[in-house]
Amino acid sequence: MFEKLKLDRAYKRVFGSEDGKLVLADLLKYSKMFDTTYNGSDTQMAMHEGRRQTALRILGHIKLSPEDAFDHVRRLHERTSERADGRE
C-alpha cells in the first residue's frame, strides 16, 4: 500500500508540472485515448489498445478521470492555439 501511494505521488509530481501536463496531453493524443482504436486491422487495434491501457494507467495514478483528461487536453490545445495566434 505504501509503495502505491509513493508511486501515485511520483506520477502526480511528474504530470502535475507544466511540462508534465504538456507531455500528458501528448501521450493521451498518441494513445488514441479519445478516438476509436479500430481501423480495420486487428493488429493495429491491439497496438492502439496497448497504448490506451498505458494512458489509463497514468490517469489512474494521478486520479484523473478520462472525462477530466479530455477537458485537460482541450484546454491545453486552446491555450497553445491562442499563443500561436498571438491572443495571449
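This is a predicted model: local features need pLDDT of at least 70, side-chain atom pairs count only at pLDDT 80 or more; totals for chains, interfaces and linings use all residues.

The chain is built from four helices and zero strands, and the mean pLDDT is 88.

**The chain as a whole**

- Starting at the N terminus, the elements simply go α-α-α-α.
- The C-alpha trace spans about 45 × 40 × 20 Å along its principal axes.
- The chain has 88 residues, and 23% of them are buried.
- Its accessible surface comes to about 6,300 Å², with 55% of that belonging to carbon and sulfur atoms.
- If you take the contacts with a separation of 6 or more, 58% of them are between residues 24 or more positions apart.

- A pLDDT of 70 or more is reached by 92% of the residues.
- Helix α3 has the highest confidence, at a mean of 94, while α4 has the lowest, at 81.

**Where α1 meets α2**

- The axes of these two helices come within 5 Å and cross at roughly 95 degrees.
- Angles of 65 to 115 degrees count as roughly perpendicular, so that is the label for α1 and α2.
- On the α1 side, the contact uses V14, F15 and G16.
- On the α2 side, the partners are E18, G20, K21, V23, L24 and L27.
- Sorted by class, this contact has five nonpolar, two polar and two charged residues.

**Where α1 meets α3**

- Helix α1 covers residues 2-16, and its axis comes within 8 Å of the α3 axis, crossing at roughly 105 degrees.
- From α1, the residues making the contact are L7, D8, Y11, K12 and F15.
- From α3, they are R57, I58, H61 and I62.
- By class, the tally for this contact is five nonpolar, one polar and three charged residues.

- H61 sits in helix α3, which runs over residues 42-62.
- Is H61 buried or exposed? It counts as buried because its relative accessibility is 8%, and the cut-off for buried is under 20%.
- Once you set aside neighbours within four places in sequence, H61 is in contact with L7, D8, Y11 and K12.

- As background, most residues other than glycine have a negative phi.
- K32 isn't a glycine, yet its phi is positive, near 60 degrees.
- You'll find K32 in the loop between α2 (18-30) and α3.
- With a relative accessibility of 27%, K32 counts as partly exposed.
- Which residues does K32 contact, leaving aside its neighbours within four places in sequence? They are T37, H48 and R52.
- K32 and L56 are 24 residues apart along the chain, and their C-alpha atoms are separated by 11 Å.
- K63 isn't a glycine either, and its phi is positive at about 60 degrees.
- The place to look for K63 is the loop between α3 and α4 (66-85).

- R74 lies in helix α4 and counts as partly exposed, at 37% relative accessibility.
- From R74 to H48 is 26 residues in sequence and 21 Å in space, C-alpha to C-alpha.
- H48 has come up already, as one of the contacts of K32.
- M1 belongs to the segment before α1.
- Is M1 buried or exposed? M1 is exposed, with a relative accessible area of 77%.
- M1 and Y38 are 37 residues apart in sequence, and their C-alpha atoms are 36 Å apart in space.

Note on methods:
Residues are numbered from 1 along each chain as its sequence is written. Side-chain values use heavy atoms; hydrogens and water are left out. Buried means under 20% relative accessible area, exposed over 50%, partly exposed in between (1.4 Å probe, protein chains only). Contact means heavy atoms within 4.5 Å. Axes are lines fitted to C-alpha atoms, for helices over the stretch in contact, and angles run from 0 to 180 degrees between N-to-C directions. Ala, Val, Leu, Ile, Met, Phe, Trp, Tyr, Cys and Pro count as nonpolar, Asp, Glu, Lys and Arg as charged, and the others, Gly among them, as polar. pLDDT is the predictor's confidence in each residue, from 0 to 100. Accessible areas come from the Shrake-Rupley method with a 1.4 Å probe; for residues, only the protein chains shown count as cover. Angles under 35 degrees count as roughly parallel, over 145 as roughly antiparallel, 65 to 115 as roughly perpendicular and the rest as oblique.
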